[in-house]
Amino acid sequence: MNIWQPEAGETLLARSPVAFATGAAPRVKGMRWFRDTERHDIQHELGGWPAGPSFTARSIGGSTGRQTLQGLAKGAGVAVMALLSSAGGNVSGSSVASSDEGSDTPDDPADEVDDFPVMWAAPMTIARTLPWQLDPGRLDEKHSRTHLIVTDRRLVIVLLPYFKKELERIEDEAVWQCPLSDVDSVVPRNFKDGDDFTVTFVDGSWCRLTSFRRRKLMRYLVPSGELVPLDSLTPRQRDAIAVFADEVQMPASVSPNVMRNPSGRLHVEILLPERLTSAFGASEASITVDPEGQVVDIADYLPDDF
């Protein structure tokens, strides 16, 4: 086991699988490009990158035809489901996107429908330093994974082997990092499945990544993502967190991560090292505590509590 660890005084906040995103619109489905600011393909300019697939966007006519067929198929499926339902059949499954944050409306048609850049970078910019292992077209995902680690100081990408029958086996190799001060903004991209997000660096370069646990990562990357010191909390709030820590058997080497939501409530997360896996990254237990020090029932959560 070789698990990446933060330095002394550095706080581990989140860790989840991550990769460059993949196009979903018919014209660019299954594709991705690496672009400069003139929209030229730059993958051949990225130092140390092995050869990867080259994509050509599909023609508008071909995309329209496929979209029409998909629409007809979807309509037929809805009709069949309605028929089965009216007949009292036991129907499971859904055509709804797996993420409740997904959307059929593109945020940026130029970069999601007509083209699909996952790197946008002028020469000598930060995004060009990202590791090739993030690219599903270059990394054998049957045997390897990349995780994004967020601390209160930096972003780190680690490469690790993936063994389907040994998910707890962690052999980390750090392949990239940058200080948090290099990150200008992080924005969710909900088209189509709601798993994508873009990271824009202070030099204007950006990348588009995907993670089925993006909410866990973004909680600590958005502008409001500041940790609250335990000693700044009220005694009742600290007592509620201490009880929770005992309940989840928090190891002595771990401390609760506390953030204040816009509502004034506290979001409390405890990362549990024994639950770290190559498939899911770090797992955590969490609660929400109100200003009076009471644990909030999930039925009473506000949107920002999630």
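Hi everyone, let's start with helix H4, residues 235-247, which lies across strands E11, E12 and E13 and runs at about 155° to E13. Contact here means heavy atoms within 4.5 Å. Axes are lines fitted to C-alpha atoms, for helices over the stretch in contact, with angles from 0 to 180 degrees between N-to-C directions. Helices (H or I, at least four residues) and strands (E, at least two) are DSSP runs, numbered from the N terminus.

Keep in mind that this is a predicted model, where local features need pLDDT of at least 70 and side-chain atom pairs count only at pLDDT 80 or more, while totals for chains, interfaces and linings use all residues. Residues are numbered from 1 along each chain as its sequence is written, and side-chain values use heavy atoms, without hydrogens and water.

Now the sheet. Its three strands make an open, antiparallel sheet in the order E11-E12-E13; two strands pair if DSSP finds at least two bridges between them. E11 (257-260) and E13 (284-289) are the edge strands, each with a single partner, so one side of each has no neighbour in the sheet. From one strand to the next, the twist averages 20°. E12, residues 266-271, is joined to E13 by six bridges, and Leu-271 has Glu-284 in E13 as its bridge partner.

And the cysteines? The whole structure has zero disulfides, a disulfide being a pair of cysteine sulfur atoms within 2.5 Å. For Cys-178, the nearest cysteine sulfur belongs to Cys-207, 9.0 Å away. Cys-178 counts as buried at 5% relative accessibility, and Cys-207 counts as buried at 2%. Buried means under 20% relative accessible area, using a 1.4 Å probe and protein chains only.

Notes:
Buried < 20%, exposed > 50% of the residue type's maximum accessible area, 1.4 Å probe, protein only.
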